[in-house]
Structures are given as structure tokens and as C-alpha cells.
Amino acid sequence: MFFVRGVEYDAVYLSRFVNCVQNGRAYSLPLMDPKVSIDMDDAIAACRKKGAGWHLMTAIEWNWLRKHTNPDVHGNTWKGHYYNDETEVGINVPNTWRTLTGSGPASWFHNGNKETGVADMVGLVWKMIAGIRLKNGVFQYMPDNDAAHPEADLSERSQEFKEVYIDDLPFPDPVKIGPGEDGLMITTSGEVEGWDAVRRHDVVVDLPADKIPEILKDLGIVTEGMDKDDAWFAADADLDEAVCYVSGGYDDTSYAGPSALSLAYPRSSVGTNLGFFSACLGEPVIR
């Protein structure tokens with residue numbers, strides 16, 4: 001996470017609140033209606049407009065945050081309250097199912113602390129994440145935290161993304177994600193076609209257990225305890241490009257969670273349940 005195009009940074013600062021946008025710039029502020037109905041390209045521009053080091057939160061940053069999140073974190077997962085406890089509520093945005101950022105109880109913060117935690121880690125809106133995608137079902141990623149670089153090419157035609165291969169296979173195919181013969185699969189064999197969405201515990205990881213590339217774990221594609229995880233996992237292998245959204249929104253009930261992940265919509269997607277976090281690089285390390 002701290003290496004960007006070969007340069008080490010002393011810190012990465014993550015938004016505490018789902019971002020709003022004012023005068024074309026993204027801001028992490030409490031008690032705001034998060035910016036929705038914005039596509040990925042405009043979200044990237046709003047983050048970069050803040051100045052040096054600012055960027056749309058990347059997959060490697062999100063996965064760091066996910067790994068440091070309380071396992072029992074809650075959120076606005078059903079029309080303004082936590083789906084499993086109607087007493088856990090936030091302040092509703094009028095005429096919507098959204099809640100104001102950070103207005104929920106401590107259990108809606110990643111570490112259970114309203115003073116120091118990241119709010120609305122789960123639910124409220126799906127958060128778009130830079131640096132990973134599907135291209136016609138083939139999984140691609142940017143190495144290290146290169147997606148945070150101000151000149152990173154995050155466009156659909158970018159050549160900066162790499163594919164993932166299994167070591168020690170004589171004729172390796174890249175890792176693919178999508179519906180196959182055994183349901184929604186993470187695989188290198190066979191074909192994946194179409195769209196599917198299942199709970200994580202129903203995803204078929206068709207890879208040798210001792211050869212699962214670490215990068216898939218670093219980016220949250222394969223997660224620890226996946227076989228018991230109810231969170232949503234979706235993929236569309238037919239799209240020319242499917243970008244990444246995480247965590248679930250205000251109407252996803254038990255499908256929402258820190259490991260909920262969707263690679264099923266194009267970058268042009270907009271919706272009242274789609275938003276984003278920004279992040280900022282610290283200073284380069286001088287040794």
C-alpha cells in the first residue's frame with residue numbers, strides 16, 4: 001500500500017466519511033448526504049482535483065481497511081437502519097433511504113469508535129474502488145498501490161493493468177471470474193460467461209489451494225473465512241470492462257459486509273446507492 005510506482009510513502013490517509021462533492025472537489029465530511037449518481041471517471045476527477053496525492057481509494061487500500069475492521073461492524077443496510085436491529089439508525093436524508101455520513105451509532109464505524117473510526121464502512125452506498133477490474137471476465141490489477149499515482153491511467157483502455165497467472169503451470173491461462181460450469185467461479189480453466197451474483201461462501205475457487213496467488217488475497221478477491229461469509233460477490237464476464245464496487249448499500253441487508261464485492265457494472269454506472277471514498281498519499285520516504 002505504501003509503494004507507488006517504486007516510491008515508498010510514509011503514510012496513506014483514508015477518508016473517514018463517504019465523500020460529498022462541492023465545487024467539483026471531493027470532501028470527507030460528517031453529517032453530509034454522500035455524493036451519488038456519479039460515475040467512476042467523474043469520481044476520479046473529483047478526488048484528483050483536491051491536489052497532490054489525492055486519489056480515488058484503491059483496492060489495496062480498501063483491503064487494508066477491511067482487514068482492520070471489526071468482524072461485527074454494522075451499517076445502514078436497510079432503508080436507514082441496520083437490517084438486523086431497527087434501533088441502530090442514522091439521520092435520514094429526506095425522501096431517500098440514505099443516511100447522513102457518520103450519523104449512525106459506534107457499531108457503524110470500522111473500529112467501533114465514532115471519534116477515530118471510518119464511518120459507514122458497511123452499507124449506505126456501494127463504494128467504487130480503483131485499481132482492479134474485469135476485462136471480458138479476465139481479472140486485472142495495478143501492482144502495488146500504483147492506482148494512487150496522479151498520472152495512473154485508470155481509463156478503460158489503460159495498459160497499466162496486469163493479469164494474474166498461476167505459477168508453475170506449463171501453459172498458464174490468466175485468472176478469470178464469472179459464471180462457469182460450477183456456478184460463479186474464480187478459475188484459470190474453462191470459460192466464464194454472463195452475469196451472476198452469489199454469497200461469498202458459494203463462490204467456487206477453482207485454483208490449487210497451495211498455488212492461490214497472494215495478490216488475490218492482497219486485493220480481497222479470495223478472503224480468509226470465505227467459506228462462511230454471507231457477503232455478496234458478483235461478476236459479469238460479458239462486459240468489456242467491469243469496475244469494482246465494495247461493501248454493499250442501503251438495501252442489501254445481510255448481503256452487505258466489508259468483503260462484499262461487485263465486478264458486475266461498467267464505469268459509466270450511476271445510481272443513488274453508488275458513492276466513493278477518497279484517499280491521500282503522505283510524503284515520499286528519503287533513506
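Phe277 is buried, at a relative accessible area of 1%, where buried means under 20%, exposed over 50% and partly exposed in between (1.4 Å probe, protein chains only). The model is predicted, so local features need pLDDT of at least 70 and side-chain atom pairs count only at pLDDT 80 or more, while totals for chains, interfaces and linings use all residues. Residues are numbered from 1 along each chain as its sequence is written, and side-chain values use heavy atoms, with hydrogens and water left out.

**Aromatic pairs**

- Rings of Phe, Tyr and Trp (its six-membered ring) pair if their centres lie within 6.5 Å; planes under 30 degrees apart count as stacked, over 60 as edge-to-face and the rest as tilted.
- By this rule there are five aromatic pairs.
- One of them is stacked: Trp62 and Phe277, 6.4 Å centre to centre with 25° between the planes.
- Trp62 lies in helix α2 (residues 59–67) and Phe277 in the loop between β21 (274–276) and β22 (278–281), so this pair ties together parts 215 residues apart in sequence.
- Trp62 is also buried, at 4% relative accessibility.

**Trp97 and Tyr250**

- The ring centres of Trp97 and Tyr250 are 5.9 Å apart and their planes stand at 80°, so the pair is edge-to-face.
- Trp97 is partly exposed at 40% relative accessible area, whereas Tyr250 is buried at 8%.
- Together with Trp78, these two residues form one aromatic cluster.

**Charges over rings**

- A charge sits over a ring if NZ of Lys or CZ of Arg is within 6 Å of the ring centre and within 35 degrees of the ring normal.
- Lys50 lies over the face of Trp54, 4.4 Å from the ring centre.
- The charged end of Arg199 sits over the ring of Tyr255, 4.0 Å from its centre.

Methods
Helix = DSSP H or I, 4+ residues; strand = E, 2+ residues; numbered from the N terminus.
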